[in-house]
Structures are given as C-alpha cells and as structure tokens.
Amino acid sequence: MLRQGGFAELLLVLLGLKVPAALGCPTDCVCYPSPMTVSCQAHNFLTIPEGIPEDSERIFLQNNQITLLLRGHFSPSMVTLWIYSNNITFIDPNTFDGFINLEELDLGDNRYLRALAADTFQGLVKLHALYLYKCGLSSLPSGIFGGLHNLQYLYLQDNHIEFLQDDIFVDLVNLSHLFLHGNKLWSLHQNTFRGLINLDRLLIHQNQLQWIHRRAFHDLRRLTTLFLFNNSLSELQGDCLAHLGALEFLRLNGNPWSCDCKARSLWEWLHRFRGSSSSVICESPEQMHGKDLKVLRAEDFRNCSGSESLHQMKTHTFSTADRGASKSHHPHHSSKEKGKERGAENSLHSNQPAGSRPGYRKPGKNCTSHKSRNRTSKPVSLGPRKNGQEVLDYVPDYQHKYSFGAMPTLSPKRKGKCTRRTSIRPPSGVQQAAGCPGLRASLLVFMVVLAAVIR
C-alpha cells in the first residue's frame, strides 16, 4: 500500500523527473535530474547534508540552521547555491576554490557571518549575482571582489558597513546593480566607485552620509538611478552630479539640507536636470526652513559670490590610509568636523589605465534592463509627477526573498537598439527541474487516466 502522495512520487521517479534516495539523493531532500537539482530547504539541518551528488548544479539549502561552510562541502560543477537564512558564522576561504561554473551565490540573511576573508570569492569567473544582505558585515576586506568581471548584481544592503576602501569595486566592470542601503556609511570618497563604468542603479539611502567627494561618481556615466534619501547630508555640490549624464531618477529627500550659498551649485544643477527628482527640503538657514530648494529663485542667492561653497572648496580629501583616524569622526558629528582636510588629494586615476584592466569593456549604450529578476509586483512609478506628490520611499520587504530588486522605477525610453544583458531568472526548484509547462500538463493527464484504470 503506497503512502499518501506516494503514487505521484513513484510516477515522477518512473518518468525520470525525480531521483530516488537510493540512487544518491540526501535523506530528507528532493532531487531532480537534468540538470541535477538538490532541494533541502527548511529541514533544520545543522550541517551540509551528506550525499549531495557530485554532478549537482543547483543546490537549495535556505531556511536551515547551518553554521559552517568548508572546503569539500560542494562540487565545482555547482552553478547555483541558495543558502540564505541560516546561521552561518564562518566560511572557509577555500570553500569555492575552483568553482568556475558558479553563477549565482546567495549567502544573505546570515546575521552572524560578520566577516569574510579577502579571497572567499576568488576565481568565481562566471559569478553574476552575489547576495550578502543582512549578514552583520561591518567591513569589506580589500580585494574581496577582485576578478569578478562578470558580476552584474551585488546585494550588500542592511549590514553595518561604515567605510568602503578605495577601489573596492574596481574589477566589477560589468556590475549593473549595487545595493548599499541600510548600512552605516558616513562618507563617499573620490575612488569609492571607480571602475563601475556600467553601473545602472546605485542605492545608498538610509545610511549616515554626511559628506560626498565632488568626484565620487566620476565613473558612473551610465547610472540611471541614484537613491541618497534618508542620510545626513547638509550639502552636495552640483559638480558631484555633473558626471551622471544618463541619470533619470534621483532621490535626495530626508536630508538636513542647508540652503544658503553652499546650495547654489546644487540648485543650478537641479534646474538643468531633466529627469525625475524628489523634493530637497531646506533645514537651514531659518528663513529657508521648510522650503524646497528646487523652487527657490535666483534672487535667493543674489548675495552669493560664487556657486561653490567654501566648505566644499576645501575638497575634503580622505584616503584609505586615513581610516584609522575615522574613529574620531562619529556619525553624529557635524559635517564641518568631517570636512577638515586630511592629507593630499587622491590622484584621479591610478597609473594603470582603465582600458588595460582585465575584463575591461569599453562602455557603450546602456542596455541594462529595469525589470529586476526578483520583482513580484508592479512597481510604483518614479517618473515625472504632475500632481507634485512625493514618491514613496523604497523599503525592501523581507517577507519574501524576491522583493529586494523591486524598485519604484519605470523602464526608461532609450534610443537605438542594443543587446540586452543576460537576465537572471531564479530557478524555482521543482518547476524548472520538471521541464516545460506542456510536459507537466501531459503528466497530469497521464496520472488521471492511470488512476482511473487502477480503480
């Protein structure tokens, strides 16, 4: 007598759509061939289950209690690994050594991970999606993203990162989406984002930003979406945004803006900007409090001698070597304290030209799709608002893994034709392993007929 559901399970085995445990599927897991898929999620595993077939390409281990990732746990044939929402505290730097086929790695929501070795992801030449959200990370070691020339999506949101070293992303020449919101960043330096020549979306909202170097975005010429809302910015030079020739969506609200002469260059840039931008509400001086910088008139700046502020003219030069002194720059200190000069200004580029870096591609048309692979619902528009209403803040919904990419944006209209980037579609375990919809329909009809015959 077959147990309940056993008939359908047996039928899947007979049709070659499921691998029986006796032939190499770990206990309490479900396996599907072609390509080999192992599904072991939500079984309270404390360690990586034994018996995962060496030819497994997709491994799903999310929502368990796994604490360690060590060398030998997986085979280099792996293409996709989901191991989010576990209790991982340590990843052996050699865990993914030789995994040249790995394309998607989700380590997110492992709150006690806290630190990663610099060579953890070394050699993952095909990796195009890396999830490190909600991992308790307070810093990123230099070189951690080295060699990841095919990476397109990098999720670092909701950690405790206070500082980004110069050139930390310099090898990510094909990165299109960078999520840094919900951290503790208080400054962006001249070479923080150097090398991100194909970046399309940059989300840095809900940090503690007080200062941004005027050339912090100098390589981001294809950026279309920039979120800086809910930080501690009191000023931002217009020159800082002048490099963003493709920008379409800008969010600056939720900052304590100073609308005196220091704001003139930003005001001028906003008047030239033809994309969609949020309100920029003035915090000071007193006579400007509550006003929107965007609607001020030229007469409001008639007593200003120039468009640059004295505060920004000092060019706040911080280098990576100055990080040791940053302890004295608490996030709650004033921007003037943060703005004192610290050493000579960094060179605009290193001695090695960008075109000579491995993996470098000459920037062309921006073909990044605005349809996130994770979007589950129709997004709110960030387009021009005729009624003047404020756009709702983007807040990720952690109730579902695939809401991280859901952003309030519209697909921009682009001139000309170009080849789209390879989209990242999440495998759905059983569905993709079972094959096309027509096969599943035929299987259902076959099961109904067979059940009628048995009766």
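This is a predicted model: local features need pLDDT of at least 70, side-chain atom pairs count only at pLDDT 80 or more; totals for chains, interfaces and linings use all residues.
Biologist: What is the relative accessible area of Asp97?
Modeller: Residues are numbered from 1 along each chain as its sequence is written, and side-chain values use heavy atoms, with hydrogens and water left out. We call a residue buried under 20% relative accessible area, exposed over 50% and partly exposed in between (1.4 Å probe, protein chains only). Asp97 counts as partly exposed because its relative accessible area is 41%.

Biologist: Which residue forms a salt bridge with Asp97?
Modeller: A salt bridge needs a side-chain nitrogen of Lys or Arg within 4 Å of a carboxyl oxygen of Asp or Glu. Here the closest N and O atoms are 3.7 Å apart, and the partner of Asp97 is Arg71.

Biologist: How many residues apart in sequence are the parts that Arg71 and Asp97 tie together?
Modeller: Helices (H or I, at least four residues) and strands (E, at least two) are DSSP runs, numbered from the N terminus. Arg71 sits in the loop between strand S4 (68–69) and strand S5 (80–82), and Asp97 in the loop between strand S6 (90–91) and strand S7 (104–106), so the parts they tie together are separated in sequence by 26 residues.

Biologist: Is Arg194 buried or exposed?
Modeller: Arg194 belongs to the loop between strand S11 (187–188) and strand S12 (201–203). Its relative accessible area is 5%, so Arg194 is buried.

Biologist: Which side chain makes a polar contact with the side chain of Arg194?
Modeller: A polar contact is a pair of N or O atoms within 3.5 Å; within protein, one must be able to donate a hydrogen and the other to accept it, and residues adjacent in sequence count only if both atoms are side-chain atoms. The pair also forms a salt bridge, its closest N and O atoms being 2.8 Å apart. The partner of Arg194 in the polar contact is Asp167.

Biologist: Which helix holds both Arg264 and Glu268?
Modeller: These two form a salt bridge, with the closest N and O atoms 3.2 Å apart. Arg264 is partly exposed at 22% relative accessibility, and Glu268 is partly exposed at 24%. They are 4 residues apart, about one turn of the helix, and that helix is H3.

Biologist: Which strands are among what covers the buried residues of H3?
Modeller: The buried residues of H3 are Ser265, Leu266, Trp267, Trp269 and Leu270. Contact means heavy atoms within 4.5 Å. The cover includes helix H2 (238–241), along with strands S15 (249–251), S16 (257–258) and S17 (276–277).

Biologist: About how much accessible area do Leu68, Leu70 and Phe90 have together?
Modeller: Patches are made of residues with over 30% relative accessible area and no salt bridge, like charges being joined within 9 Å and nonpolar side chains (Val, Leu, Ile, Met, Phe, Trp, Tyr) within 5 Å. Phe90 is found in strand S6 and counts as partly exposed at 42%. Areas come from the Shrake-Rupley method with a 1.4 Å probe, and for residues only the protein chains shown count as cover. Leu68, Leu70 and Phe90 form a nonpolar surface patch, and together their accessible area is about 240 Å².

Biologist: What share of the residues in the chain is buried?
Modeller: The chain has 7 helices and 18 strands. Of its 455 residues, the buried share is 50%.
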